Every structure is written in structure tokens, then in C-alpha cells.
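Below is a set of questions and answers for a reader new to this structure. Each answer sets a value against the definition it rests on.

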Amino acid sequence: MNTVTVYADYVCPYCLLAESVLSEAIGQRDIAISWRAFELRPEPVPTLRPEGPYLPDIWKRSVYPLAARLNVPITLPSISPQPRTARAFELLIMAQDEGLDHLYSMRILRAFFQENRDIGDPEVLIELASDAGLDRQAARHVLESRAYAARHDEALRHARMDMAITSVPTIVVGNRLFRGTPSLGDLNEAVDLLQSPKGEPTRKDR
């Protein structure tokens, strides 16, 4: 099975919006979506506050208009400051090991941007992980023991150093790399090339 990789942070609304375009481009084709971590504001960098000037402005000018065009329900979460995502990404590794990273990532994104859930709260994360098909007690053990902390650190290193990721979402389709929310046409072209036995796609930034 071919795989498309999405580098994301769960507090980035564009990651939820870009997935809707990606899923439409994939359609019924036998292509998996694999999620990888990239923290926009790793500790100790302060996270953003929805009552500050930046978030309401960028949502009004960019997020809400794009969401309306894509017909994706989304709301600026009220949690302040915005949660850190390291713990959610430690559970992502568990989900990756079980082949559930797409279901898990979408459950986290929808919980934050459509249900106003605090995805920095361990109890919330355990519930959401269970919703995505992960074992509740195993998820609790992962968070309490920090069993995957080192693997998460390596995932961040890989994203920054090996893949030169600087923003999210970054979508890798074969040899093409898209930054931000690509057009459906561009993604369709890349997905077509991914499945084609002929012609090698050319790496391209968007």
C-alpha cells in the first residue's frame, strides 16, 4: 500500500483543513495517511492564547474563510493558553505501532477544533485514544510512564533535521512536498503519480 505522510501539530487548524483536501484527493484509492509529529511551540516556548490579538485575527482572515470553502466545521478553541501537544504525540506513537495513527490524529483534531476539548489533559487524551481504538489502560500507562518520550524526541529531530520541516501541515506525497493546504488539483496530480508505475514525480514545495 502506498502512503502519504502528514507532518502536523494538533493545535494547528490548517492540519484539520488540509486533511479534508487530502482525503478527497485519495478518494477510494488504496493509500494510507500516516501522521508524524512537529511541535510548533515545544516547551519552554510559550503557547498562544485565544484571547490575545493574534489568534482571533488569523482565524478571521484565514482559517474561517478556508474552512467555509472546504465545508469543514471548525471553531477557535477557548482553552487558554493553548495546550502543549507532546503527550498527545506520545500516544500518536502508540497509535502508529497499531496502525491507527490516522484515526487517532483525526479524533484529536476534531476534539480540539470541533468540540473545544483540552487535548493537553491526560484524561481527555486517554478517552480520545480509546475512541480511536487504542486500549484505555495501555494509553494511561504510556502517559504515566512516559514510555514513548524518547521516541517522540527522535520524531521531532527527524522532522526538523532529516526532513527540514519548518511549518505544518507539511504533506509528503511520493517525492513531492506540500507546505500548507494544497489545492485539490495539485494533490490529485501528486496522488496519481504516486500510484503510477511510470513517471517519477518531481519534489515540489507549495
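Q: What makes D121 a cap of the N-terminal end of α5?
A: In this predicted model, a side-chain oxygen of D121 lies 2.9 Å from the backbone nitrogen of E123. A polar contact is a pair of N or O atoms within 3.5 Å; within protein, one must be able to donate a hydrogen and the other to accept it, and residues adjacent in sequence count only if both atoms are side-chain atoms. D121 therefore caps α5 at 2.9 Å, within the 3.5 Å limit.

Q: What do the numbers and values rest on?
A: Residues are numbered from 1 along each chain as its sequence is written, and side-chain values use heavy atoms, with hydrogens and water left out. The model is predicted, local features need pLDDT of at least 70, and side-chain atom pairs count only at pLDDT 80 or more, while totals for chains, interfaces and linings use all residues.

Q: Which residues of α5 are buried, and what do they pack against?
A: Helix α5 covers residues 122-131, and V124, L125, I126, L128 and A129 in it are buried. Helices are DSSP runs of H or I with at least four residues, numbered from the N terminus. The buried residues pack against α3 (86-97), α4 (101-115) and α6 (136-145). After α5 comes G133, with a positive phi near 105 degrees.

Q: Why is L143 called buried?
A: The relative accessible area of L143 is 9%. Buried means under 20%, exposed over 50% and partly exposed in between, with a 1.4 Å probe and protein chains only, so L143 counts as buried. L143 lies in α6 and touches R87, L91, P122, L125 and I126, not counting residues up to four places away in sequence; contact means heavy atoms within 4.5 Å.

Q: How do you know whether H152 is buried or exposed?
A: H152, in helix α7 (residues 149-162), has a relative accessible area of 2%, so H152 is buried. Leaving out residues up to four places away in sequence, H152 touches A37, E39, A86, F89, E90 and I93.

Q: What makes a nonpolar core, and how many residues does the largest one have?
A: Such a core is a set of buried Ala, Val, Leu, Ile, Met, Phe, Trp, Tyr and Cys residues joined through side-chain atoms within 4.5 Å. The largest has 71 residues, and Y10, L91, Y104 and V173 have the most contacts inside it. Its largest share, nine residues, comes from α1.

Q: What makes a space a cavity or a pocket?
A: On a 1 Å grid over the protein atoms alone, a cavity is a set of points where a 1.4 Å probe fits but cannot get out; a pocket is an open set with protein on both sides within 12 Å along at least five of seven lines, and lining residues have an atom within 4 Å of a point. The structure holds one cavity of 30 Å³ or more. D9, V11 and E39 are among the residues that line the largest cavity.

Q: What is the volume of the largest pocket, and which residues are closest to its centre?
A: The largest pocket has a volume of about 250 Å³. Of its 15 lining residues, P13, L40, R41, L48 and Y54 are the closest to its centre. Helices α1 (13-26) and α2 (54-70) each give two or more residues to the lining, and α2 gives the largest share, five residues. A volume is the space filled by probe spheres set on grid points, which are joined across faces, edges and corners.
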